[in-house]
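Let's take a friendly walk through a protein model together. Have the sequence and the 3D view ready, and look up each residue as we come to it.

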Amino acid sequence: MIRNLLLLVAVLSGAIVSAADRPNVLFIFTDDQSFKTVGCFPGSYPWVKTPNIDALARSGVRFDAAYLGAWCMPSRATLLTGHLPHGIESMRMEGTYPGSTYDPQQARFWPKIFRERGYHTAQIGKWHTGTDAGFGRDWDHQIVWNRPKHPENAGAYYDNQLLAVNGEEKTVKGYSTDNYTRWACDYIKGEQRDPQKPWYLWLCYGGVHGPSHPAKRHLGAYRDAPVPVPADIFPPRVGKPKYLDLTQAWSAGPNGIPLMGKNGEKFGDESGKSTKTYADFVRQVNECVLSLDEGIGQVLATLKETGQLENTLVVFTADQGFSMGEHGFRTKLAPYDANVRSPLIISRPGHVPQGRVCQQAVTSQDLVATFFGHCRLDLPWRMHGRDLTPLLRDPEHADWPHAALFEHTGHHFGSDVAKLLAEHGDATHSNVPWWFAVRQGRFKYIRNLAEDMPEEIYDLQADPEELKNLVGSDAALLKRLREVFMAEMKHSGATFIEHLR
């Protein structure tokens, strides 16, 4: 009897220790933010000031090749399911844009699993994945700007947002970035959560998405900053797909100065109201980043002040990148680093090495697997990603044979992707053809799914701006990258490989 009681005490004590030792997760997620707007990333503008994000990089690992998605909705869908878009069933664009829907029994969101396994879960900020934002199922606490549910308010990126606070809707004034930061700090301090539970907070900022309104305190901060013009902001572009002529977003003004053209980011695009030069556009976007950097500094300071910094995995990234003139774009969508490569930093003092840089290519689906691995939870279903823990232990030397697969399938998800490809063989979205891409080491391979569109290969080490398509110059390299691509497609469970052009 006594022996059984001792065993019971030991088991219960172990459970208590295990629960107390489980780390929190703070997932900071920005919108349309190019890695070039973050000072610690190579290729950023030399005048960019992001001291708090840079400090986070010094405290952890900065990833130089992160690919989280092609645009807002599929990026978030992958981060909620662990599946690339072609593996997410029931997700649909429906109703007035950005209206969308899904069946939570088919498109299962993993924060529900964290809740079931003892975590308190919260989401604060922008939502762009179905009118059902999951409060009470996936989230214990939620302050959500639900764009799909309220398309009439979907342009209110920076003020007068219609929010649902734990299910109760109300319009809230004030600069959204500052609001989200304040509410996140309150949550970290213990408001709206069970203090006995570890927590997961997805902090979804709306900045720097167009119309990219900086906080008033930051207007003009970069007024005189010099802005170099990308080499291929105007055609011709040798070896590039012809669809770039349809997505050309800049026109030549007096003395050849680039001016906003008719193409580019549609939502929040103010180019029809005033003529903006390329340089002014770039300065405005970077001024918008300043409030994000301040907010990130505040939430990190709150973690430290509350004694939770060492027990919190902090991840900073963006839904995708955003081309600011490169290849003629002013949007995301395309498979080039300027369009889709995200900044990514992961930190946890004492558990993640400090001030290190990882050159291995990683993806959003990898982040989901990493959250489960770091929190010592088993994956609830097969996911497309791989736990990044080996890279967090030894960023430069870990054995990491995996490639990074990412894709653009427009508004289509799940078996709808296979169906459309079987029927038509190709598709486009906003004049950009569907594509699949794989990055391994210094090389990127792109398969464009449209008639007469070339395959593309870029050496990101020798040609970081992706100006020279190497297809046709190295048959052995092309063969190897095709094989890597097909292996990753099979790993993701793609059922439509035979339909790829």
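Just after helix H3, Gly82 takes a positive phi of about 80°. Keep in mind as you look that this is a predicted model.

**The chain as a whole**

Now zoom out. The protein chain has 11 helices and 20 strands. Its C-alpha trace spans about 85 × 50 × 45 Å along the principal axes. For 501 residues, a compact globule would have a radius of gyration near 23 Å, and the 22 Å of the protein chain agrees with that. Buried residues make up 61% of the 501 residues. The protein chain exposes about 19,500 Å², with carbon and sulfur atoms supplying 53% of it. Among contacts between residues at least 6 apart in sequence, 68% join residues at least 24 apart.

Is strand S9 enclosed or open? Of the 6 residues of strand S9 (residues 199-204), 6 are buried, so the strand is largely enclosed by the rest of the structure. Trp199, Leu201 and Leu203 point one way from S9, while Tyr200, Trp202 and Cys204 point the other way.

Strand S1 runs parallel to S9, and 5 bridges join the two. Strand S5 (residues 120-127) also pairs with S9 in the parallel sense, over 6 bridges. To find these pairings on screen, look for Leu26 opposite Leu201 in S9, and for Ile124 opposite Leu203 in S9.

Leu26 and Val315 are 289 residues apart in sequence, with their C-alpha atoms 6.3 Å apart in space.

**A hairpin**

For another kind of pairing, turn to strands S7 (residues 161-165) and S8 (residues 168-172), which pair in the antiparallel sense over 5 bridges. Gln161 stands opposite Val172 in S8. S7 and S8 form a hairpin with 2 residues between them, and Asn166 in the turn has a positive phi of about 50°.

**Aromatic pairs**

How many aromatic pairs are there? The count comes to 32 aromatic pairs. Two of them are set side by side here.

| Pair | Arrangement | Centre to centre | Angle between planes |
|---|---|---|---|
| Phe27 and Trp202 | stacked | 6.1 Å | 5° |
| Phe114 and Phe372 | edge-to-face | 5.0 Å | 80° |

Phe27 lies in strand S1 and Trp202 in strand S9, so their pair ties together parts that are 175 residues apart in sequence. Both Phe27 and Trp202 are buried. Phe114 lies in helix H4 (residues 111-116) and Phe372 in helix H8 (residues 364-374), so this pair ties together parts that are 258 residues apart in sequence. Phe114 is buried, with a relative accessible area of 0%, and Phe372 is buried as well, at 1%.

**A residue in helix H10**

Next, find Leu421 in helix H10 (residues 415-424). Is Leu421 buried or exposed? At 1% relative accessibility, Leu421 counts as buried. Leaving out residues up to four places away in sequence, Leu421 touches Asp426, Trp434, Leu449, Phe496, His499 and Leu500. The C-alpha atoms of Leu421 and Phe496 are separated by 7.3 Å, although these residues are 75 residues apart along the chain.

**The cysteines**

A disulfide is a covalent bond between the sulfur atoms of two cysteines. How many disulfides does a search of the whole structure find? The search finds 0 disulfides. To count as a disulfide, two cysteine sulfur atoms must lie within 2.5 Å. The sulfur of Cys185 is 16 Å from the closest cysteine sulfur, in Cys204, which is too far for a bond. Cys204 is in no disulfide either, as the nearest cysteine sulfur, that of Cys72, is 11 Å away. Cys185 is buried, with a relative accessible area of 8%, and Cys204 is buried too, at 0%.

Methods. Residues numbered from 1 in each chain as written. Predicted model: local features only at pLDDT ≥ 70, side-chain atom pairs only at ≥ 80, totals over all residues. Heavy atoms only, no water. Buried < 20%, exposed > 50% of the residue type's maximum accessible area, 1.4 Å probe, protein only. Pairing = 2+ DSSP bridges. Helix = DSSP H or I, 4+ residues; strand = E, 2+ residues; numbered from the N terminus. Contact = heavy atoms within 4.5 Å. Rg over C-alpha atoms; globule rule 2.2 N^0.38 Å. Areas by Shrake-Rupley, 256 points an atom, 1.4 Å probe, with all protein chains shown as cover. Phe/Tyr/Trp six-rings, centres within 6.5 Å; stacked < 30°, edge-to-face > 60°.
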